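The following note sets out some points for a colleague who has the sequence and the structure to hand. Please read each point alongside the display.

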Amino acid sequence: MASLPNGLAPGETKIFHLKHQSAILNQTTRYKITVPNNYVPRFAYPLLLGFHGWGGSLNYNTGGELHEYGRSNGYIV
């Protein structure tokens, strides 16, 4: 089970990477995470995943609406 990046405050968004390489591009995969406004680290929250699609990147189409929805409605995105 992966843990969230340290120091996430309620309602915050961070970009981080895990220590593995993409099988296709041989690059470190970056992730964008948002925690809900009511986030408390010791509690479990539902998770929403968004995938940018083939040929996209984290800098293009990062699902801003999805992150805002999760922030406001109690989901980790």
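**Notes on the predicted model**

1. The structure contains one salt bridge. The model under review is a predicted one, and the values below are computed from it.

2. The salt bridge joins E68 and R71, with 2.7 Å between the closest N and O atoms. Both partners belong to helix α1, and because they are three residues apart there, about one helical turn separates them. R71 has a relative accessible area of 18% and is buried, the cut-off for buried being under 20%.

3. Helix α1 covers residues 64-73, and its buried residues are H67, G70 and R71. Viewed down the axis of α1, these buried residues lie within an arc of 100°, so they line one face of the helix. After α1 comes G74, which has a positive phi, near 85°.

4. The chain has 77 residues, of which 21% count as buried. Where contacts link residues at least 6 apart in sequence, 54% of them join residues at least 24 apart.

5. Which residues make up the largest nonpolar core? The core consists of six residues, namely L8, I33, V35, Y39, Y45 and I76. In soluble globular proteins, nonpolar side chains tend to be buried together. Leaving aside residues up to four places away in sequence, L8 touches I33, V35 and Y39, and also K14. Of these contacts of L8, I33, V35 and Y39 are listed among the core residues.

6. The surface also deserves attention. The protein chain exposes about 5800 Å², and carbon and sulfur atoms account for 56% of that area. L47, L49 and F51 make a nonpolar surface patch of about 410 Å². The position of L49 is in the loop that runs between β2 (28-34) and α1.

Key
Residues are numbered from 1 along each chain as its sequence is written. This is a predicted model: local features need pLDDT of at least 70, side-chain atom pairs count only at pLDDT 80 or more; totals for chains, interfaces and linings use all residues. Side-chain values use heavy atoms; hydrogens and water are left out. A nonpolar core is a set of buried Ala, Val, Leu, Ile, Met, Phe, Trp, Tyr and Cys residues joined through side-chain atoms within 4.5 Å. Buried means under 20% relative accessible area, exposed over 50%, partly exposed in between (1.4 Å probe, protein chains only). Contact means heavy atoms within 4.5 Å. Accessible areas come from the Shrake-Rupley method with a 1.4 Å probe; for residues, only the protein chains shown count as cover. Helices (H or I, at least four residues) and strands (E, at least two) are DSSP runs, numbered from the N terminus. The arc is that of the directions from the helix axis to the C-beta atoms. Patches are made of residues with over 30% relative accessible area and no salt bridge: like charges are joined within 9 Å, nonpolar side chains (Val, Leu, Ile, Met, Phe, Trp, Tyr) within 5 Å. A salt bridge is a side-chain nitrogen of Lys or Arg within 4 Å of a carboxyl oxygen of Asp or Glu.
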